[in-house]
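Subject: Structure handover

Hello,

Here is the structure we discussed. My notes on the cores and the surface follow below it.

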Amino acid sequence: MNIQSVMYALPGIIIGLTVHEYCHAKAAQKLGDNTARDQGRVTFNPLKHIDLIGFLFIIFAGFGWAKPVQFNPQNLRNVRRDKAIIAVAGPLSNLALALVFIGLIRLWMALAQFASAQEAGELSSFLFSPNVLVFMNVILRAAMINIGLFVFNLFPIPPLDGSHIVFSGLNLSMELQQRVMKFAAPALFLIIIIQTQTNVTILPIGALISAILGLFLPGFA
């Protein structure tokens with residue numbers, strides 16, 4: 001484990017997980033269910049969203065999880081539609097965060113190019129100072145992490161958000177969903193272990209992260 005890499009990645013992980021779960025909770029509240037609100041999940045306090053074991057898995061194993069947001073489908077106005085909206089709210093929030101971080105990187109690049117063209121020594125020295133470069137490294141990691149959260153959670157494998165979107169679209173019974181979940185969740189765990197511990201690629205997460213990042217930052221993909 002590289003401590004420096006972990007420290008660079010922590011802000012992106014904490015922000016990404018917190019906003020992801022907040023948006024699930026907020027979407028449920030907006031759609032008529034207050035379960036998550038009553039549990040204190042409509043907040044940007046990371047302590048309300050981060051699962052300790054899942055967080056430690058992220059640090060030491062490279063994958064993990066946050067506390068799932070609970071909601072009562074009986075309180076939703078349109079169950080099939082609203083369940084899909086709640087599910088997709090989390091991944092879309094990570095994509096939005098990634099675009100914000102990418103915007104900061106592009107701003108830094110534009111300022112660096114301007115400073116170079118104008119021979120602005122003081123500005124250039126500031127932009128390439130050790131502290132600013134560390135900050136930009138953190139921002140780049142945060143962009144990649146949030147793209148990863150966006151991509152990974154949209155795979156239609158239980159218990160990922162993508163599976164809830166598919167379940168809503170197919171209008172599967174709760175009993176069938178639970179049966180699928182029983183076998184799919186351990187399978188996902190096994191897939192992640194295989195992928196993180198070997199060179200076998202089952203879910204092309206890294207390739208998708210690079211492809212999406214490359215659309216906005218060709219030099220960083």
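Helices here are DSSP runs of H or I with at least four residues, numbered from the N terminus. The model is a predicted one.

Helix 3 has the largest share, with four residues. F60 counts as exposed because its relative accessible area is 59%, and the cut-off for exposed is over 50%.

Inside, the largest nonpolar core has 33 residues, and those touching the most other members are I147, F152, F155, L188 and L203. At least two core residues are supplied by each of helix 4 (79-117), helix 6 (130-153), helix 8 (174-197) and helix 9 (205-216). Helix 6 gives ten, the largest share. Beyond its neighbours within four places in sequence, L188 contacts F152, I157, P158, P159, L160 and L203. Another core, of twelve residues, lies apart from this one; its members include A9, L17, A66 and L149. As background, nonpolar side chains in soluble globular proteins tend to be buried together.

S168 is part of helix 7 (residues 161-170). With a relative accessibility of 8%, S168 counts as buried, since the limit for buried is under 20%. Its contacts, leaving aside neighbours within four places in sequence, are R80, K83 and A84.

Regards

Technical notes
Residues are numbered from 1 along each chain as its sequence is written. This is a predicted model: local features need pLDDT of at least 70, side-chain atom pairs count only at pLDDT 80 or more; totals for chains, interfaces and linings use all residues. Side-chain values use heavy atoms; hydrogens and water are left out. A nonpolar core is a set of buried Ala, Val, Leu, Ile, Met, Phe, Trp, Tyr and Cys residues joined through side-chain atoms within 4.5 Å. Buried means under 20% relative accessible area, exposed over 50%, partly exposed in between (1.4 Å probe, protein chains only). Contact means heavy atoms within 4.5 Å.
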